[in-house]
Amino acid sequence: MNDRAPPPIAPAGSVVRRRAVFAGVAATALLAGAGAAWQALRRQAGDADAEALWGHGFETPEGGVLALQSLRGKPVLVNFWATWCPPCVEEMPLLERFFRENAGKGWQVVGIAADQREPVRKFLTRVPISYPIALAGFSGIELGKALGNAGGGLPFTVVLGKDGRLAGRKIGRLSLEDLQRWVAQI
């Protein structure tokens, strides 16, 4: 007589569970890799679109033209905003202070209004801004999308380095920490 018990056999459910876990881990790894590749592709597209941004000229509220090419070689913070956007209006004093404190260090700030001339002109009589303001209308939203703001939300800010390449971007209201990080980075 044999006193030894036969080895236990794993229940069928446990084998299925292990296979499901392995499949889940594999799928997660695949998605993570695909996500990283997508982000790298978006960064490259942003650089190409940043290069195209330099070729734009925008009408100003006063009727002149602001050619972004004239600012090339400096770090430039480009802020897409609108008069009807509360977070845009709330961050403007911060941008104004940033411009005044950093203009001597070579920084330029440009506000691109995704808005019409008259509302912008009226706004600027109430809230004086010393950095250049340009008018883009709805095309400002489209330009922001090309620079990485897929949803077209405002405010949207991009930073272009001295080399003209995209160095940073943020969708939503800026903080002092955002600005300090960009200054330290560039």
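How many residues apart are Asp 178 and Arg 181 in helix 5? In this predicted model, the two are three residues apart in helix 5 (residues 176-185), and so they are separated by about one helical turn. Their side chains meet in a salt bridge, at 3.2 Å from N to O. Asp 178 is buried, with 6% relative accessibility. Arg 181 is partly exposed, at 44%. Lys 170 joins Asp 178 and Arg 181 in a network of salt bridges.

The chain holds five helices and seven strands. Their order from the N terminus is α-β-β-β-α-β-α-β-α-β-β-α. Of the 186 residues, 38% are buried. The chain exposes about 10,700 Å², of which carbon and sulfur atoms supply 60%. Among contacts with a separation of 6 or more, 61% are between residues 24 or more positions apart.

The salt bridges number eight. One of them pairs Arg 72 with Glu 51, with the closest N and O atoms 2.9 Å apart. Arg 72 lies in the loop between strand 2 (65-67) and strand 3 (76-81), and Glu 51 in helix 1 (residues 12-53), so this pair ties together parts that are 21 residues apart in sequence. Arg 72 is partly exposed at 30% relative accessibility. Glu 51 is also partly exposed, at 41%.

Arg 117 forms a salt bridge with Glu 59. Here the closest N and O atoms are 1.6 Å apart. Arg 117 belongs to helix 3 (residues 117-126) and Glu 59 to strand 1 (residues 57-59), so the pair ties together parts that are 58 residues apart in sequence. Arg 117 is partly exposed, with a relative accessible area of 29%. For Glu 59, likewise partly exposed, the value is 40%.

Note on methods: Residues numbered from 1 in each chain as written. Predicted model: local features only at pLDDT ≥ 70, side-chain atom pairs only at ≥ 80, totals over all residues. Heavy atoms only, no water. Helix = DSSP H or I, 4+ residues; strand = E, 2+ residues; numbered from the N terminus. Buried < 20%, exposed > 50% of the residue type's maximum accessible area, 1.4 Å probe, protein only. Contact = heavy atoms within 4.5 Å. Areas by Shrake-Rupley, 256 points an atom, 1.4 Å probe, with all protein chains shown as cover. Salt bridge = Lys/Arg side-chain N within 4 Å of Asp/Glu carboxyl O.
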